[in-house]
Amino acid sequence: LPQEAESAPRHQPGHAELGMGIHGEPGASTIATHNSAEIMQIMVEKLTAALPETGRLAVMLNNLGGVSVAEMAILTRELANTPLHARVDWLIGPASLVTALDMKGFSLTTIVLEESIEKALLSDVETASWQKPVQPRAVNIMPSALASARVAFTPSANPQVGDYVAQVTSTLSGLETHLNALDAKVGDGDTGSTFAAGAR
């Protein structure tokens, strides 16, 4: 967080904050995981405990501003793998609907459907960024008859080129943290990790 000093960080490595305020206010608890499936399961369990045992639901999966499209797609998949999914008639998102610009996080909101609520959710609105709810459905996976062509080859040996490659890859691996910090100022903070993964 911008306001926390590096000497006394609020978050420990490998942890996430649950229930954090949209402006960075301390959350209700800290959880020792970065695993998307585990985080989604924890959130669903807490929501389910507050919901009536029966009734159809609408669910909003909201990007707080700094989560990538790919990451939100993963979270949508994780939501579909929870018991709550069987009760969901309408899904709103994933989308940036309530944000704090580039805040790294997401929120999950549920509402029990009544006729008037469902009618309101499905009504046309003038707000450009509002996403109309969609009905969750199974993804049809189409088998492919195409296979990648494999070409047999004998790799060449060039010690000089090998030294160049080793120097570049070791440099990228060593700069992982620094590049992530630079990228976090203007993007999603993963440039160093991306380059380091390629180098490895």
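Colleague: What should I know before we start?

Modeller: This is a predicted model, where local features need pLDDT of at least 70, side-chain atom pairs count only at pLDDT 80 or more, and totals for chains, interfaces and linings use all residues. Residues are numbered from 1 along each chain as its sequence is written, and side-chain values use heavy atoms, with hydrogens and water left out.

Colleague: Thanks! Why is Leu 18 called buried?

Modeller: Buried means under 20% relative accessible area, exposed means over 50%, and partly exposed lies in between (1.4 Å probe, protein chains only). Leu 18 has 11% relative accessibility, so it counts as buried. Leu 18 sits in strand β1, residues 16–18; strands (E, at least two residues) and helices (H or I, at least four) are DSSP runs numbered from the N terminus.

Colleague: Which residues does Leu 18 touch, not counting those up to four places away in sequence?

Modeller: Contact means heavy atoms within 4.5 Å. By that rule Leu 18 touches Gly 27, Ala 28, Ser 29, Ile 42, Met 43 and Lys 46.

Colleague: What makes Arg 56 and Asp 89 a salt bridge?

Modeller: The rule asks for a side-chain nitrogen of Lys or Arg within 4 Å of a carboxyl oxygen of Asp or Glu. For Arg 56 and Asp 89 the closest N and O atoms are 2.9 Å apart, so the pair meets the rule. The pair links distant parts of the chain, with Arg 56 in the loop between α1 (36–50) and β3 (57–63), and Asp 89 in strand β4, 33 residues apart.

Colleague: How many salt bridges are there by this rule?

Modeller: The count comes to four. Among them, Glu 78 pairs with Arg 77 at 2.9 Å, N to O, and Lys 132 pairs with Asp 124 at 3.2 Å, N to O.

Colleague: How do you know that Asp 124 is exposed?

Modeller: Its relative accessibility is 70%, so Asp 124 counts as exposed. Lys 132, at 45%, counts as partly exposed. In the other pair, Glu 78 is buried at 9%, while Arg 77 is partly exposed at 48%.

Colleague: Why is the peptide bond from Gly 93 to Pro 94 worth a look?

Modeller: Most peptide bonds are trans. The bond from Gly 93 to Pro 94 is cis, with omega near 5 degrees. Pro 94 is found in strand β4, residues 88–95.

Colleague: What makes Val 161, Tyr 164 and Val 165 a patch?

Modeller: Patches are made of residues with over 30% relative accessible area and no salt bridge, with like charges joined within 9 Å and nonpolar side chains (Val, Leu, Ile, Met, Phe, Trp, Tyr) within 5 Å. Val 165 has a relative accessible area of 47%, so this residue clears the area cut-off. Together the three residues have about 280 Å² of accessible area, computed by the Shrake-Rupley method with a 1.4 Å probe and, for residues, only the protein chains shown as cover. Val 165 lies in helix α4, residues 159–174.
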